[in-house]
Amino acid sequence: MASANMLILVAIAALYNLAVFGIYAFDKVAARNGDWRVRESTLLWLAVLGGGIGAFLAQRLLRHKTRKPPFFVVLPVLFVLQVLLAVTLLLAPAAAIAAIQAGVQAIGGR
């Protein structure tokens, strides 16, 4: 993968994780004020779909969803998996992309 494309991918991932962090922060403020809250399923899906780093950092820095199952288990696991994926993509992009494609094909039954 060209370095320009890799930089774009890193920037998109960083912005997405920043947005996820912001949504968790919004939910924390809403919880304190008794206002409208973000659904827990939405918060989890945001983390699963690539925002695990932002969600985990929000959990730790804002002390939000630290004791609520499944957040206290899922967010640290997603954090580790997504950091490993990011490091692998940066250090060995061809191998990482091949592994992702193989995983998608295995899930799809091809």
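**View 1. The largest nonpolar core of the predicted model.** The largest nonpolar core has 13 residues, and those touching the most other members are Val20, Tyr24, Leu43, Ala47, Ala55, Phe71 and Leu75. Helix 1 (3-33), helix 2 and helix 3 (71-91) each give two or more residues to this core. Helix 2 gives the most, with seven residues. A nonpolar core is a set of buried Ala, Val, Leu, Ile, Met, Phe, Trp, Tyr and Cys residues joined through side-chain atoms within 4.5 Å. Buried means under 20% relative accessible area, exposed over 50%, and partly exposed in between (1.4 Å probe, protein chains only). This is a predicted model, in which local features need pLDDT of at least 70 and side-chain atom pairs count only at pLDDT 80 or more, while totals for chains, interfaces and linings use all residues. Residues are numbered from 1 along each chain as its sequence is written, and side-chain values use heavy atoms, with hydrogens and water left out.

**View 2. Gly51 and Val20.** Gly51 lies in helix 2 (residues 40-62) and counts as buried, at 0% relative accessibility. Leaving aside residues up to four places away in sequence, Gly51 touches Tyr16, Asn17, Val20, Leu46 and Gln82. With the same exclusion, the residues that Val20 touches are Leu46, Gly51, Gly54 and Ala55. Contact means heavy atoms within 4.5 Å. Pro69 is 18 residues from Gly51 along the chain, and 18 Å separates their C-alpha atoms.

**View 3. The two sides of helix 3.** Helix 3 has 21 residues and reaches 30 Å from its first C-alpha to its last, close to the 30 Å expected at 1.5 Å a residue. The expected span is 1.5 Å times one less than the number of residues in the helix. The buried residues of helix 3 are Phe71, Leu75, Leu78, Gln82 and Leu89. Seen down the axis of helix 3, these buried residues fall within an arc of 65°, so they line one face of the helix. The arc is that of the directions from the helix axis to the C-beta atoms. Leu81, Leu84 and Leu91 are exposed on the other side of helix 3. The cover over its buried residues includes helix 1, helix 2 and helix 4 (93-108).

**View 4. The chain as the setting for the close-ups.** The chain has four helices and zero strands. Helices (H or I, at least four residues) and strands (E, at least two) are DSSP runs, numbered from the N terminus. Of the 110 residues of the chain, 25% count as buried.
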